[in-house]
Amino acid sequence: MNSIRVRVLLALLGMLVVTAAVMGVLTYRNVLAETEALFDYQLRQMAFSLRDQGEIAPEQASTLADVQLDFVVQIWTGDGRIIYPPRLRTDLPTIAPLGLAEITVQGKTWRTFSVATGDRVIQVAQPLQIRQKLAAAAALRSIAPLLFIAPAMALVIWWLAAQTLAPLRRVADGVRARDEQSLQPLPTAGLPDEVAPLVNALNGLLQRLGASLGAQRAFVSDAAHELRSPLTALKLQMQLLKRAPDDAARAGAVEALNAGIDRAARLVEQLLTLARAEPGAPVAALRPIDLSEVVRAAVADTVPLALARGTAIELYADAPVPVLGDAATLTVLARNLADNAVRYAPGGSRVELRVYADGAVAVLQVDDAGPGIPPEERERVFDRFYRHAAGDEAGTGLGLAIVRSVAVRHGATVALADSPLGGLRVTVRFAPGATSTRAPGATATCAPGATATRAPGATATRPPGATSARAPVDAGVPTLPGAASAAATSDRDENHRGDS
């Protein structure tokens with residue numbers, strides 16, 4: 001039984017029935033007692049009246065002798081001789097205890113009142129059965145109105161319950177009448193205070209659903225638009241390949257086609273990553289993880305691109321920095337930041353990544369020597385498919401959008417600023433939580449083949465106090481072909497914290 005209306009009606013009707021029953025019983029007992037008291041009063045008054053008269057008049061005698069009279073009068077002399085009624089009845093009381101009493105004669109109970117005068121005893125008696133019958137009839141007549149009032153009250157309660165729950169029914173009808181495209185707020189005018197919070201919550205949900213669906217529509221529309229260009233380019237490159245007049249032209253067309261396929265694949269991968277990071281996507285359980293290890297793994301994925309561009313990547317991860325998060329999505333965040341920094345940094349420059357704890361806040365900081373982003377565009381670059389026109393690098397416009405989506409899911413903030421290296425500094429600050437503070441003199445550890453890598457001809461520069469040492473091959477740090485893999489150690493002081 002899940003109906004509020006039925007439950008309310010049953011509760012109110014049950015209370016009405018119980019109340020009517022209690023009132024009926026109490027009224028019945030009270031009227032019964034009052035009627036008994038009234039009959040006793042009549043017995044006394046008749047007895048006192050006969051006592052004061054001294055004798056029974058002839059007209060009274062004939063009335064008292066009426067067999068239909070509920071009262072019986074008996075008079076005895078002082079010595080116990082009965083002088084009234086003249087005709088004896090065997091079923092009448094034969095004793096006369098003074099005052100009120102109940103006497104049983106031949107199975108019949110009498111209620112009597114006896115009073116004594118100078119030379120006689122007067123007794124007025126009434127059959128107890130008749131008294132009770134009359135009292136019960138009077139009591140039933142007093143509670144008879146309840147038998148009519150209770151059903152009328154039940155109808156009133158049913159009507160009141162229907163009127164009280166009518167706003168809920170209107171809200172339900174309004175929601176039921178909508179389809180998946182109708183996300184307008186429900187009307188709140190005239191709603192009771194108890195229903196208004198529910199409707200306001202529904203309107204908030206509808207608003208969030210509308211925003212989510214709008215974002216999804218915009219995402220699908222933007223994705224379709226962005227995919228059209230690389231697919232068109234692939235089609236043109238395929239036509240050029242077919243029309244190539246010689247092997248050299250054919251090889252160039254194949255290379256261009258492969259590059260176009262790589263760009264399209266990267267765009268699709270970025271779109272899928274962004275879709276998984278968008279609001280409304282399933283959220284992985286957050287667990288305590290080491291942010292330093294996550295960034296090391298992301299940097300390792302970026303090493304091939306850095307080597308190809310001749311860019312050095314330096315990672316300063318002095319100590320474990322615990323955060324509450326999802327390792328997979330945080331790896332995507334760090335990889336996108338490192339990838340963007342490498343792509344937009346000029347060849348032969350360096351990219352620095354730092355992971356540290358600023359008090360109770362975990363911080364990831366990425367610096368590059370690229371062209372940077374003007375302050376007026378730093379908010380817009382987080383929009384999907386927005387590309388800042390800088391250099392010759394053609395990106396997808398999704399990297400920073402993915403970074404912000406992942407950061408929001410982890411309660412982190414992303415800030416852009418000018419880098420001391422001359423390019424852009426991206427700082428990700430996580431919500432205050434349990435972090436490990438670095439002891440003075442701690443060294444920055446390196447992911448195998450990922451930290452402080454240097455392509456041929458590229459020079460890896462380090463901040464003051466940092467040294468570069470060639471990692472021994474037998475120490476488990478692989479050496480990439482044509483590149484030196486080094487471990488950057490740093491006695492980083494508080495000046496580095498000020499940079500964040």
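Modeller: Strand 12 covers residues 424-429, runs antiparallel to strand 10 and is joined to it by five bridges. Strands are DSSP runs of E with at least two residues, helices are runs of H or I with at least four, and both are numbered from the N terminus; two strands count as paired if DSSP finds at least two bridges between them. The model is predicted, with local features taken at pLDDT of at least 70, side-chain atom pairs at pLDDT 80 or more, and totals for chains, interfaces and linings from all residues. Residue numbers start from 1 along each chain as its sequence is written, and side-chain values use heavy atoms, without hydrogens or water.

Strand 10 also pairs with strand 9 (residues 350-358), again in the antiparallel sense, over seven bridges. Ala 362 in strand 10 faces Ala 357 across this pairing. Strands 9 and 10 make a hairpin with two residues between them, and Gly 359 in the turn has a positive phi of about 70 degrees.

In a regular strand, side chains alternate between the two faces of the sheet. On one side of strand 10 are Val 361, Val 363, Gln 365 and Asp 367, on the other Ala 362, Leu 364 and Val 366, and all are buried (under 20% relative accessible area with a 1.4 Å probe and protein chains only; exposed is over 50%, partly exposed in between). Seven of the seven residues of strand 10 (residues 361-367) are buried, so the strand is largely enclosed by the rest of the structure.

As for rings, the whole structure contains one aromatic pair. Phe 48 and Phe 113 have ring centres 5.5 Å apart and planes at 80 degrees, so they are edge-to-face. Rings of Phe, Tyr and Trp (its six-membered ring) pair with centres within 6.5 Å; planes under 30 degrees apart are stacked, over 60 edge-to-face, the rest tilted. Phe 48 belongs to helix 1 (residues 4-53) and Phe 113 to strand 4 (residues 108-116), so the pair ties together parts 65 residues apart in sequence. Phe 48 is partly exposed at 28% relative accessibility, while Phe 113 is buried at 7%.

Arg 354 is placed over the face of Tyr 316, 5.0 Å from the ring centre. For Arg 404, the charged end is over the ring of Phe 382, 3.9 Å from its centre.

Terms used: Lys NZ or Arg CZ within 6 Å of the ring centre and 35° of its normal.
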